Amino acid sequence: MSIYITNTYALIGVGSKAQNLVTEEAKKLGIEEIRIPYIDYKSEDRTNMSNKIDGVLTGVTSGDTIIYQNPIWNDPNFDIFFMNKLLGIGNLNIIIFIHDIRPMMFPTEQSIMPSYIELFNVANYLIVPSKNMAQYLGEKGVTTPMVTQHLWDSNKETTFQEVSKLKRKIHFIGNDAKFMISKNFPINSNVTLELYGRKNDEMVRAENINYHGFFDEYNLLHELHRGGFGLVWTEDMYWREYMRYNTSFKISTYLRAGIPLIVHESISCRKMIEDNHWGIIVNSLAEAVEKVKAMTVKEYNSYVEAIQGIKYPLEHGYFTKKVLVDSVYKLFVH
């Protein structure tokens with residue numbers, strides 16, 4: 001019996017980063033990679049597409065285990081097409097590693113959610129981002145047993161010479177236009193907002209809002225590590241609802257940088273943050289600013305000390321390896 005994991009190549013952005021990370025950690029466990037081409041499902045000839053998929057599945061035989069990273073970021077219908085190919089081989093153990101669920105992300109795709117429920121019910125096990133997601137899928141009719149991921153991790157180690165210091169700064173990594181942070185950040189305050197990402201024409205200009213542009217990972221982590229707080233947030237209510245279920249790379253980035261988190265009370269990993277003393281839970285950006293203004297050095301240092309313990313597991317892929325091992329183990333041991 002062999003164990004395989006899918007990886008869509010020719011992707012860009014966070015989707016590519018996530019699939020490559022999981023694949024690299026899977027290989028360390030002896031799991032073999034199946035490279036799936038990025039195919040334009042709408043324009044590709046069905047015979048050609050079928051031949052391409054048969055080619056990448058050449059070594060897969062009855063009794064093998066397939067870990068299918070989803071979404072594949074082809075056309076949503078491609079997931080159904082590919083799964084039918086797997087079912088055609090027969091007697092496979094199928095684990096679907098859910099990174100995101102497209103009908104929950106995009107309003108234009110909400111109508112195809114029943115197809116995803118059907119897809120998930122074909123699998124033997126699911127790896128889901130959060131307990132909230134597991135509950136949501138159960139309510140939607142998914143009966144497949146699930147393993148929870150909790151956090152994205154990394155496989156790159158960063159060394160810091162000093163610990164982070166209390167600074168009245170709130171760092172935000174991401175698209176300010178999409179998440180509407182500067183528009184809603186209190187500007188009459190000595191707490192500054194430090195923005196990292198794409199500049200936009202609607203960005204609020206204020207003395208306490210600073211734009212830094214894009215940093216590479218190494219320099220970003222060192223800049224964040226100087227001190228302050230890491231914000232995982234959106235003022236867009238649609239995306240805030242989705243953040244109840246998904247797992248954000250930003251959380252792990254701030255934790256790896258050694259700074260406390262600021263998150264909305266509805267976020268998927270709230271309990272983990274509270275239980276481990278990794279940051280503050282608030283209901284508004286105004287409340288976040290007030291908590292930062294009131295924080296003492298002693299209180300800040302207690303967060304920093306608690307965070308130090310999670311850095312090693314995050315930087316050595318332990319969250320990824322654990323869910324892969326747990327899901328495969330549970331296939332065969334009941």
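This is a predicted model: local features need pLDDT of at least 70, side-chain atom pairs count only at pLDDT 80 or more; totals for chains, interfaces and linings use all residues.

Reader: Let's start with helices, then. At what angle do the axes of α8 and α10 cross?

Author: For a helix pair, you look at the approach of the axes and at the angle. Here helix α8 (residues 217-225) and helix α10 (residues 249-257) have axes that come within 8 Å and cross at roughly 65°. The crossing is right-handed.

Reader: Which residues of α8 and α10 meet there?

Author: On the α8 side you have E217, L220, L221, L224 and H225, and they meet T253, Y254, R256 and A257 of α10. Sorted by class, that contact of α8 with α10 has 5 nonpolar, 2 polar and 2 charged residues.

Reader: Now something charged. Is D153 buried or exposed?

Author: For that you check the relative accessible area, where under 20% counts as buried. D153 has a value of 3%, so D153 is buried. D153 sits in the loop between β6 (146-148) and β7 (165-173).

Reader: What does D153 touch in there?

Author: Setting aside residues up to four places away in sequence, D153 touches L21, F249, S252, P313, L314, G317, Y318, F319 and T320. Look at the backbone too: the nitrogen of F319 lies 2.6 Å from a polar atom of the D153 side chain, and the nitrogen of Y318 lies 3.2 Å from such an atom.

Reader: And a lysine? Why does K311 count as buried?

Author: Same test, with the cut-off under 20%. K311 has a relative accessible area of 18%, so K311 is classed as buried. K311 lies in helix α13, and its side chain is joined to that of E315 by a polar contact of 2.9 Å. Apart from neighbours within four places in sequence, K311 is in contact with T158, T159, F160 and R256.

Reader: Which side chains make polar contacts with H264?

Author: The H264 side chain has a polar contact of 3.4 Å with the side chain of R240 and one of 3.3 Å with the side chain of N283. H264 belongs to strand β11 (residues 261-264) and is buried, with a relative accessible area of 10%. Leaving aside neighbours within four places in sequence, its contacts are V232, W233, R240, I281, V282 and N283.

Reader: Back to the loop between β6 and β7. How accessible is N155?

Author: N155 lies in that loop and, at 26% relative accessibility, counts as partly exposed. The side chains of N155 and E24 make a polar contact of 2.5 Å. Not counting residues up to four places away in sequence, N155 touches L21, E24, E25, K28 and E315.

Reader: Last topic, the backbone. Where is there a cis peptide bond?

Author: The general idea: most residues other than glycine have a negative phi, and most peptide bonds are trans. In this model the bond from N70 to P71 is cis, with omega near 5°. P71 is in the loop between β3 (65-70) and α3 (76-89).

Reader: And what is phi of H150 and of M180?

Author: Phi of H150 is near 80°, a positive value in a residue other than glycine. H150 lies in the loop between β6 and β7 and is partly exposed, with a relative accessible area of 27%. For M180, phi is near 55°, also positive. M180 is found in the loop between α7 (176-179) and β8 (192-196), and is partly exposed at 25%.

Note on methods
Residues are numbered from 1 along each chain as its sequence is written. Side-chain values use heavy atoms; hydrogens and water are left out. Axes are lines fitted to C-alpha atoms, for helices over the stretch in contact, and angles run from 0 to 180 degrees between N-to-C directions. Helices (H or I, at least four residues) and strands (E, at least two) are DSSP runs, numbered from the N terminus. A crossing is left-handed if the near helix is turned anticlockwise from the far one by less than a right angle, and right-handed if clockwise. Contact means heavy atoms within 4.5 Å. Ala, Val, Leu, Ile, Met, Phe, Trp, Tyr, Cys and Pro count as nonpolar, Asp, Glu, Lys and Arg as charged, and the others, Gly among them, as polar. Buried means under 20% relative accessible area, exposed over 50%, partly exposed in between (1.4 Å probe, protein chains only). A polar contact is a pair of N or O atoms within 3.5 Å; within protein, one must be able to donate a hydrogen and the other to accept it, and residues adjacent in sequence count only if both atoms are side-chain atoms.
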